[in-house]
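Please open the structure in a viewer and keep the selection tool at hand.

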Amino acid sequence: LSFEQEFIQSLDQIWPLSPGTQAIGVNSATAGLHLALDTLGVRQGDRVVMSPYTFVATAEVVRYLGAWPVFVDIEPGTFHLDPDALEKVLRKYKRTLRPIKAVLAVHISGCSWKIEHIRQLCNHYKAYLVEDGAHTFPSGISAGAHGTLGDIGVYSFYANKTITTGEGGMVVTSHSHWAQTMKNKRLHGIDREVWNRYTSGSSGAQYDVTQLGYKYNLPDLAAAIGRVQLSRAQGFLEKRRNLAWKYYRVLGQRDWILLPTLGDPWEQNTGHNIADSLFTGQSHAWHLFIIQLVPEKLTINRDQFVNLLKDKGILTSLHFIPLHRFTYYKKLPGKKKSYFHAEQTSDQAISLPLFSLLTEDEHQRVLAQVLEIGDTHYRRHG
């Protein structure tokens with residue numbers, strides 16, 4: 001079996017997939033998102049909705065096609081697209097000559113948020129739903145695996161993801177025509193796979209170029225690494241899950257920390273115990289553990305907190321700087337808006353170390369230093 005076939009099998013073992021679901025290996029999740037939007041017919045002047053609280057790749061692929069990103073704020077207390085705000089934008093653009101072509105739902109940190117609601121909105125307003133599931137493998141909700149809940153889903157195998165091929169990604173769809181189009185487009189628009197051209201005896205090595213394509217295929221060496229990584233995915237997930245649970249249990253005792261959202265509330269509507277499934281099931285991939293500081297509880301700000309951790313030898317990260325703050329996106333035409341919740345979350349967020357090779361001693365040291373800094377700079381009223 002190929003890496004693509006094994007990837008589909010691994011998803012199907014936990015979440016039964018729609019018949020004919022296919023995976024298309026690509027050299028990055030960015031390439032996968034570009035292929036997805038191109039295949040769905042996003043073109044010059046079209047609009048694609050997303051939250052500004054994401055990595056820049058989510059928006060740049062829209063610009064590659066000459067289309068325009070339409071930013072919608074995140075839901076308060078989450079890192080995810082606000083469905084109520086999304087509906088207002090979909091309704092607004094429906095009255096124009098350019099209704100929203102697609103919605104890019106970004107599953108920040110490894111879980112979705114009200115994805116069923118978002119899918120219903122997309123169906124109602126006739127917009128395609130593309131899942132940016134770069135953080136999500138191997139996770140899903142009762143309705144299915146993340147990345148299979150919309151029209152097309154995209155995963156990342158970058159070096160810091162749960163499984164990695166160094167660089168690489170996977171696109172998944174149950175629509176056979178889209179799958180075939182993406183297979184062709186990922187390798188220069190050629191109508192036959194390389195392996196087929198050299199192993200089929202019926203038509204030799206002849207081929208045709210049927211459409212404009214790209215050099216987006218996943219290299220064979222990367223795919224070979226991916227097959228080994230795939231066999232270890234559940235072990236990697238369990239390690240991340242255990243680390244996240246310890247973060248949650250210890251840091252939850254402090255009122256100057258806001259902990260990450262507890263996954264998709266869809267699970268609560270299906271009788272699942274969301275807190276249990278976070279740490280024993282598959283609902284969260286725990287790619288990131290993002291805490292937020294409560295400014296009024298501390299005498300230092302987020303950047304000072306991060307620098308104090310750095311002085312102790314603990315490196316953190318920031319996920320994410322809202323896209324509308326970057327120079328390029330400030331220059332895009334249109335009315336400039338403030339996205340309050342995305343901005344507030346970004347200004348308070350710290351991504352703590354979380355990876356499968358993090359040792360128990362290292363994890364305990366991170367916890368101890370976070371608590372020491374926060375408790376030392378706690379604002380004691382009165």
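**First stop: the largest pocket**

Select Ser 2, Glu 4, Arg 186, Glu 193 and Asp 220, which lie nearest the centre of the largest pocket, among the 22 residues of its lining. The model on display is a predicted one. The volume of the largest pocket is about 710 Å³. Next, colour α1 (3-14), β1 (22-26), α7 (194-199) and α8 (220-231): each of these elements contributes at least two residues to the lining of the largest pocket. Coloured by class, this lining shows 9 nonpolar, 7 polar and 6 charged residues.

**Second stop: the second largest pocket**

Now select Pro 69, Phe 71, Pro 333, Lys 335 and Tyr 339; these lie nearest the centre of the second largest pocket, whose lining consists of 22 residues. The space in the second largest pocket amounts to about 600 Å³.

Proceed to Thr 136, in the loop between β5 (128-132) and β6 (140-141). Is Thr 136 buried or exposed? Thr 136 counts as buried because its relative accessibility is 0%, and buried means under 20%. Display its side chain, which reaches the backbone oxygen of Gly 133 at 2.8 Å. Then show the residues that Thr 136 touches, leaving aside those up to four places away in sequence: His 107, Gly 110, Cys 111, His 146, Tyr 155 and Ala 285.

Ala 134 also has its place in the loop between β5 and β6. With a relative accessibility of 15%, Ala 134 counts as buried. Which residues does Ala 134 touch, not counting those up to four places away in sequence? They are Val 154, Tyr 155, Ser 156 and Lys 161. Draw a distance between the C-alpha atoms of Ala 134 and Val 154: although 20 residues apart along the chain, they are separated by 6.3 Å.

**Last stop: helix α13**

Finally, select helix α13, residues 340-348, and highlight its buried residues, namely Ala 342, Glu 343, Thr 345, Ser 346 and Gln 348. To see what covers these buried residues, bring in elements including β10 (257-258), β11 (289-293), α11 (302-311) and β12 (349-352).

Notes: Residues are numbered from 1 along each chain as its sequence is written. This is a predicted model: local features need pLDDT of at least 70, side-chain atom pairs count only at pLDDT 80 or more; totals for chains, interfaces and linings use all residues. Side-chain values use heavy atoms; hydrogens and water are left out. Buried means under 20% relative accessible area, exposed over 50%, partly exposed in between (1.4 Å probe, protein chains only). Helices (H or I, at least four residues) and strands (E, at least two) are DSSP runs, numbered from the N terminus. Contact means heavy atoms within 4.5 Å. On a 1 Å grid over the protein atoms alone, a cavity is a set of points where a 1.4 Å probe fits but cannot get out, and a pocket is an open set with protein on both sides within 12 Å along at least five of seven lines; lining residues have an atom within 4 Å of a point. Grid points are joined across faces, edges and corners, and a volume is the space filled by probe spheres set on the points. Ala, Val, Leu, Ile, Met, Phe, Trp, Tyr, Cys and Pro count as nonpolar, Asp, Glu, Lys and Arg as charged, and the others, Gly among them, as polar. A polar contact is a pair of N or O atoms within 3.5 Å; within protein, one must be able to donate a hydrogen and the other to accept it, and residues adjacent in sequence count only if both atoms are side-chain atoms.
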